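Q: I am new to this structure and would like to learn how to read its features one by one. Could we begin with a single residue and then widen the view?

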Amino acid sequence: MKQLLIVAVALLSINAMAQHEHHAGHETHSSHETSSHGKHKLSLYTGFTHIPSAFYEHETHEESTGKWVPTIGVDYYYSLNNKWALGLIGDVELDQYYITTSNHDELERNNVVVVSAVGKYKPTHRIGILAGPGVEWEFKKHDTETFFVLKTGIEYEVEIENGWELTPMFTYDFKEEYSAYSFGITIGKRF
């Protein structure tokens, strides 16, 4: 139920921002200006990921309300046109925690890596909606569990100058055994 509520709030926010941009006439950048910086965009990401089902070893699952985990990453996008782009998103969660699997086993997760191939649609000049499949694994030598991931998200691009952009973003990862959502910001360069 929480997942559905988060997705609904995100979609309503997209709609409200898009209507505000349209009515206020703030779309001052033409498609020619955006494409003059190139079709490629490379970004560094920093933020926090919340894993609602995570807990630390000294806690029990019933006591836990989830964990906020620092996350860093790299994003790459190739613009097909003004509305569509294809990209790769790689994130690393910088913490160790435990989850309870569907078999009721406790599974340790240590410095989780999530890599996703996504498609991005831009209903307005600044707003991007993304989704795509991915895989999760961790930096452990033995007993590593790998999970399928469906990454979804929304971002708001703010152009600085000379092809540089700041992009606040929210993503939600649907994973095989658990889910997580992230808030963060990227600084990127179009070339």
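**Reading the model step by step**

Q: Leaving aside its neighbours within four places in sequence, which residues is Leu86 in contact with?

A: Contact means heavy atoms within 4.5 Å. By that rule, and with neighbours within four places in sequence set aside, Leu86 is in contact with Tyr76, Tyr77, Tyr78, Leu80, Val118 and Gly119. Before we go on, note that this is a predicted model, in which local features need pLDDT of at least 70 and side-chain atom pairs count only at pLDDT 80 or more, while totals for chains, interfaces and linings use all residues. Residues are numbered from 1 along each chain as its sequence is written, and side-chain values use heavy atoms, with hydrogens and water left out.

Q: Where is Leu86 found, and why does Leu86 count as partly exposed?

A: Leu86 is found in strand 3, a strand being a DSSP run of E with at least two residues, a helix a run of H or I with at least four, and both being numbered from the N terminus. Buried means under 20% relative accessible area, exposed over 50%, and partly exposed in between, with a 1.4 Å probe and protein chains only. Leu86 counts as partly exposed because its relative accessibility is 48%. The C-alpha atoms of Leu86 and Ala131, which are 45 residues apart along the chain, are separated by 9.9 Å.

Q: What does the secondary structure of the chain come to, and what share of the residues is buried?

A: The chain has two helices and 11 strands, and along the sequence the elements follow the pattern α-α-β-β-β-β-β-β-β-β-β-β-β. Of the 191 residues in the chain, 41% are buried. When contacts between residues at least 6 apart in sequence are considered, 56% of them join residues at least 24 apart.

Q: How should I read the pairing of strands, and which strands pair with strand 1?

A: Two strands pair if DSSP finds at least two bridges between them. Strand 1 (residues 40–51) pairs in the antiparallel sense with strand 2 (residues 67–79) over 12 bridges, and strand 1 also pairs with strand 11 (residues 179–190), again antiparallel, over 10 bridges.

Q: How many bridges join strand 10 to strand 11?

A: Strand 10 (residues 164–175) is joined to strand 11 by 11 bridges, the two running antiparallel, and they form a hairpin with three residues between them. Within this pair, Ile187 in strand 11 is the bridge partner of Leu166.

Q: Is Arg190 buried or exposed, and what does its side chain contact?

A: Arg190, placed in strand 11, counts as buried because its relative accessible area is 7%. A polar contact is a pair of N or O atoms within 3.5 Å; within protein, one must be able to donate a hydrogen and the other to accept it, and residues adjacent in sequence count only if both atoms are side-chain atoms. The side chains of Arg190 and Glu165 are joined by such a contact at 2.8 Å.

Q: What does the side chain of Arg109 reach?

A: Arg109 lies in strand 5 (residues 106–110) and counts as buried because its relative accessibility is 0%. The side chain of Arg109 makes a polar contact of 2.9 Å with the side chain of Glu138 and reaches the backbone oxygen of Glu145 at 3.2 Å. Beyond its neighbours within four places in sequence, Arg109 is in contact with residues including Asp95, Tyr97, Trp137, Phe147 and Tyr178.
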